[in-house]
Amino acid sequence: LERLDQPEALRGYAPEVAGMVELLAWGGLEATQIGRVVSRLNDALVGRLLRRAEAELGPPPAPYAWIVFGSEGRLEQALLTDQDNALVYREASPEAGRYFAALAERLVADLIAAQFPPCRGGFMATRWCHPLDEWLRLFRGFVQAPQPRALIEAANFFDFRRVHGELELEPLQQVLNEAAGEQIFLAHLARAALGFTPPLGLFRHIRQEDGGVDLEEGGLIPIVSLARLHALECGSRARPTVERLEAAAAGGTLSREGATTLAEAFRFLLRLRLRAQLQAL
């Protein structure tokens, strides 16, 4: 990745990752650990692509940060999935607006070439490219005046993680730290988390739709959402789901038994999903 120079080489990235994941999975490595390995590889790829883009576009007019969220932000991505990224730069100016819009366009296109599909919901830096003040206004709006429908979409932003750039994002983290005291916000977040229900039918049998079960919506997303909620409530800065559950148990916002059960279920469902994905490939 560090030697990557020609754009044509990006086409080989997804098959290489899939082959590596398959070897690690059949070798017995836990799915959460595989997710960390792949996420760090993706970080290295993004860093290389951004440095190459900067060399061609010229030096950035202001410090910036390229952030990822969703499964990539939580270090839980194994095989390549939709892009979830954004760009934060220090202050607004006409020059900064033009430069970072061009940088975002370039990076999103490069990632598509590497077989990261564009996000169907539009959560990519080509749309989410703002100065830090605008991001602060957005995060404060989520926390201090939550709107239930918008909060479901916005929850992924709370998984943000910087992968490249020099801009300090502590102000955004401070907004999330303050969320622990916002009871209305936490109630809305809890309601959104409970909106995803396991696919259980009569007598608690697993209910299938179209010949299968959606492990993401029926199992993983509810656990991810509950872990995010309880971690925010106790003021944890953790991003990975299992770490959030452990932090919530230590902080008293979730019972130790509940955290252990959810963590075991999360690992099990993640392993099931990864096995199904590899078999499909």
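Trainee: Which residues lie nearest the centre of the second largest pocket?

Mentor: This is a predicted model, and in it Pro198, Pro199, Gly218, Gly219 and Leu269 lie nearest the centre of that pocket, out of 21 lining residues. H9 and H11 are the elements that give two or more residues to the lining. The largest share, six residues, comes from H9.

Trainee: Why is it called a pocket and not a cavity?

Mentor: A cavity is a space where the 1.4 Å probe fits but cannot get out, whereas a pocket is an open set of points, so the name tells you that this space is open. The second largest pocket holds about 350 Å³.

Trainee: How are the lining residues of the second largest pocket divided by class?

Mentor: There are 17 nonpolar, three polar and one charged. Watch the glycines at the centre: Gly counts as polar here and Pro as nonpolar, so Gly218 and Gly219 go in a separate class from Pro198 and Pro199.

Trainee: And what about the largest pocket: how much space lies in it, and which residues are nearest its centre?

Mentor: About 1200 Å³ of space lies there. The lining has 38 residues, with Arg74, Asp84, Asn156, Glu216 and Ile221 nearest the centre. By class the lining splits into 18 nonpolar, nine polar and eleven charged. Arg, Asp and Glu count as charged, so Arg74, Asp84 and Glu216 belong to that charged class. H9 gives the largest share of this lining, seven residues.

Trainee: What makes H8 and H9 roughly antiparallel?

Mentor: Their angle is about 165 degrees, with the axes 9 Å apart. The cut-off is over 145, so H8 is roughly antiparallel to H9. H8 passes H9 in a left-handed crossing. Phe185, Leu186, Leu189, Ala190 and Ala193 of H8 meet Pro222, Ser225, Leu226, Leu229, Leu232 and Glu233 of H9. Nine of these contact residues are nonpolar, one is polar and one is charged.

Trainee: How do you know how H1 and H2 run relative to each other?

Mentor: The test is the one we just used. The axes of H1 (13–26) and H2 come within 10 Å and cross at roughly 160 degrees. Since that is over 145, H1 counts as roughly antiparallel to H2. The crossing of H1 and H2 is right-handed. From H1 the contact takes in Tyr13, Val17, Met20, Val21, Leu24 and Ala25, and from H2 Ile34, Val37, Val38, Leu41, Asn42 and Leu45. The tally is eleven nonpolar, one polar and no charged residues.

Trainee: What makes Arg228 a lining residue of the second largest cavity?

Mentor: A lining residue has an atom within 4 Å of a grid point of the space, so Arg228, as a lining residue, meets that test. Others on the list include Phe158, Gln173, Leu232 and Arg244. About 50 Å³ of space lies in this cavity, and H9 gives the most to its lining, with three residues. The classes come out as five nonpolar, two polar and four charged.

Conventions:
Residues are numbered from 1 along each chain as its sequence is written. This is a predicted model: local features need pLDDT of at least 70, side-chain atom pairs count only at pLDDT 80 or more; totals for chains, interfaces and linings use all residues. Side-chain values use heavy atoms; hydrogens and water are left out. On a 1 Å grid over the protein atoms alone, a cavity is a set of points where a 1.4 Å probe fits but cannot get out, and a pocket is an open set with protein on both sides within 12 Å along at least five of seven lines; lining residues have an atom within 4 Å of a point. Grid points are joined across faces, edges and corners, and a volume is the space filled by probe spheres set on the points. Helices (H or I, at least four residues) and strands (E, at least two) are DSSP runs, numbered from the N terminus. Axes are lines fitted to C-alpha atoms, for helices over the stretch in contact, and angles run from 0 to 180 degrees between N-to-C directions. Angles under 35 degrees count as roughly parallel, over 145 as roughly antiparallel, 65 to 115 as roughly perpendicular and the rest as oblique. A crossing is left-handed if the near helix is turned anticlockwise from the far one by less than a right angle, and right-handed if clockwise. Contact means heavy atoms within 4.5 Å.
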